[in-house]
2 protein chains.
Amino acid sequence: MERRIKLLGTGKYLPARQVTAAELDERLGLAAGWTEKKSGVRVRHYVTGETAAQMGASAARQAVAAAGIALSELDCIVCASGTAQQEIPCTAALIQEELGLAGTGIACFDINSTCLSFVTALDVMSCTMALGVYERVLIVSTEIASAGLNWKQKESCVLFGDGAAAVVVGRTPDHEASRILGSAMKTYSEGAHYSEIRGGGTMLHPREYVNGYEDDFAFDMDGRKIFRLTSQLITGFVDSLLASAAVGKKQLRAVIPHQASGMALRIMQGKLGFSAEQMVNIMEDHGNVIAASIPMALHEAISQERVARGDYMLLLGTSAGLSLGGIVLAY
Amino acid sequence: MERRIKLLGTGKYLPARQVTAAELDERLGLAAGWTEKKSGVRVRHYVTGETAAQMGASAARQAVAAAGIALSELDCIVCASGTAQQEIPCTAALIQEELGLAGTGIACFDINSTCLSFVTALDVMSCTMALGVYERVLIVSTEIASAGLNWKQKESCVLFGDGAAAVVVGRTPDHEASRILGSAMKTYSEGAHYSEIRGGGTMLHPREYVNGYEDDFAFDMDGRKIFRLTSQLITGFVDSLLASAAVGKKQLRAVIPHQASGMALRIMQGKLGFSAEQMVNIMEDHGNVIAASIPMALHEAISQERVARGDYMLLLGTSAGLSLGGIVLAY
């Protein structure tokens, strides 16, 4: 179902500290070149003191400025991240506080489907905007992946970086073409444990950290199993989504994929038959920034003028769950 | 904006283990009667081994049976809880797995506004249903509050209990009256730190638990500040919500409040001018079950036939954030 919403402005934030592939080779005791070859990431960024809310607020200010509106014109802030700043309250409220909007009443809540959180939030919130429940929504994805890496699992820890991205979404003015043409999300929990952090919630409280459960509080990924399940599903998923939106692959000006890994991006491109010109690949100098990867790549595509108003785009990703999600939109 | 959705079925789950006020008086070294008088809770329930997903799945099976549909007819599962089972993936995927729906592709994600998570999820998901993005949505709130209590803070730890509630929501058939008439949410982050668990996210990783931060991983509440801010805001909030829905207070057959505390319920009733017959109060034998409180009270109101089809209801609560939220609906 079409929804006449428009991406009014985008922003991003990267921590100043750059962590090169060479630095990780050394830290992990690996042969020179292993990290870059395996991950496809030359440099990722780690926080040195920034909180998730501070990073999110920074990206949000840029997005709101790009949208040409005032912060006070927002009526909803959604934090769409795979990680939270603290257990309670939701991160969106902490971003509101960081933005100096404490007394405004702007609604705040979090939406979480791990790496697909931004896609889910845009999908769901576009419906609230189409019905007039909200008018101008700020969606923020802000991730400190570096806090939860497992340094004993070299295949996963080299992939991730920290950062934030934000998008202001509003209703499309008359006579403009911006809209969502179709969306889909599918979750296959046979893959629920292919990528996980088992600890930190109500099943394994932080007080258990010292009782031999250290590894359960770090990210654990079985890349091979994820690859196998995703490979079975992705072609049918994308074909069905594009058909529902009545958009052909060649009509897509840009494909904004989740930046899972360098290899995942290459395989996705080949398997789905997209061209290098269509694929927006920011893996090399950002890494996998969990839910922030898609809005960050979107921000880059817009900033670099790889898309113009009215162009068709596909946001596409996979996430822990295991889920596939995508949105076809006219920018 | 009206949305023609219908609550098709509800369910709840309570752990078998009952924790009486007298037991807590003894555990906390308090005078006999202190806990019940202060909290308004005679008995709450704590898990003895159940996970959040298991409790949620149990409530979900009951809700789906009450709705008269098969589990496979769901096309979306939203976990709307203030706590998560584990950091990654989202709890909804773990509930899908627990329900034996691993291969179905039913979309799964979490929505979190702490104690208002159910209200936010119903508000947002009703919009997706009105637009045909989803047809039949299962919303599950499942909470293990007992994992994160601060036993040094007697005012807060006596309030909470564990449990789950679930609601199946679908589109309203022609010629039926069920619908959402209005909704509102307001967040005032000046109260973001009035109730919180500071640890467990990316700001204070569980590895810091042993470094003198134990209390930061438990629930911390300043009831007096919450009461003061909420008191300033609640009357205007409810008046505005009811006006937007064009429903008068006396037209409400039932008010389903968040079960924050016995005192909060009494004050809310008096301040807002609702009658005891309107207020659905399940505090005494459930305690505050975080986001599960509202759908659990809703389940009780329906099970006890305190509401009939077409009756007007108000779901109303406050949450960490600090947020106020409500939905006016025709059941």
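1. Helix α3(B) makes a right-handed crossing with α4(B); a crossing counts as right-handed if the near helix is turned clockwise from the far one by less than a right angle, and as left-handed if anticlockwise. Helices (H or I, at least four residues) and strands (E, at least two) are DSSP runs, numbered from the N terminus. The axes of α3 (residues 52–67) and α4 (residues 91–98) of chain B cross at roughly 65° and come within 9 Å. Such axes are lines fitted to C-alpha atoms, for helices over the stretch in contact, with angles from 0 to 180 degrees between N-to-C directions.

2. The model is predicted: local features need pLDDT of at least 70, side-chain atom pairs count only at pLDDT 80 or more, and totals for chains, interfaces and linings use all residues. Residues are numbered from 1 along each chain as its sequence is written, chains are lettered from A and ligands numbered from 1 in the order in which they are written, and side-chain values use heavy atoms, with hydrogens and water left out.

3. Which residues of α3(B) and α4(B) meet? From α3(B) they are B:Ala53, B:Gln54, B:Ala57 and B:Arg61, and from α4(B) they are B:Leu94, B:Ile95 and B:Glu98; contact means heavy atoms within 4.5 Å. Four of the residues in this contact are nonpolar, one is polar and two are charged. In this division Ala, Val, Leu, Ile, Met, Phe, Trp, Tyr, Cys and Pro count as nonpolar, Asp, Glu, Lys and Arg as charged, and the others, Gly among them, as polar.

4. Chain A is superposed on chain B by a rotation of 180° with 0.0 Å of shift along its axis, at an RMSD of 0.0 Å. The two copies are thus related as by a two-fold rotation axis. The superposition is by least squares on the C-alpha atoms of residues with pLDDT of at least 70 in both copies.

5. At the interface, 71 residues of chain A contact 71 residues of chain B. About 5,800 Å² is buried between the chains, with 61% of it on carbon and sulfur atoms; buried area is the accessible area (1.4 Å probe) that two parts lose on being put together, summed over both. A:Ile88, A:Leu131 and A:Thr202 supply 13% of the area that chain A buries against chain B, more than any other three residues. Because 100% of the interface residues of chain A are also interface residues in chain B, the copies meet through the same surface.

6. A:Ile88 also takes part in a cis peptide bond, with A:Pro89, whose omega is about 0°. A:Pro89 is placed in the loop between β4 (76–79) and α4 (91–98) of chain A. A further cis peptide bond runs from A:Gly321 to A:Leu322, with omega near -15°, and A:Leu322 is in the loop between β12 (312–319) and β13 (323–330) of chain A.

7. A:His175 is not a glycine, yet has a positive phi of about 70°. The residue lies in the loop between β7 (163–171) and β8 (179–187) of chain A.

8. In chain A, four strands form an open sheet of mixed pairing, in the order β8-β13-β12-β11; two strands pair if DSSP finds at least two bridges between them. The edge strands β8 and β11 (252–257) of chain A each pair on one side only. Neighbouring strands of this sheet are turned by 10° against each other on average, direction ignored. Five bridges pair β11(A) with β12(A) in the parallel sense, and A:Val255 stands opposite A:Leu314 in β12(A). Helix α5 (residues 117–130) of chain A packs on the sheet and touches β8, β12 and β13 of chain A, its direction making about 55° with that of β13(A).

9. In chain B, the antiparallel strands β12 (residues 312–319) and β13 (residues 323–330) are joined by eight bridges. The partner of B:Gly317 in β13(B) is B:Gly325.
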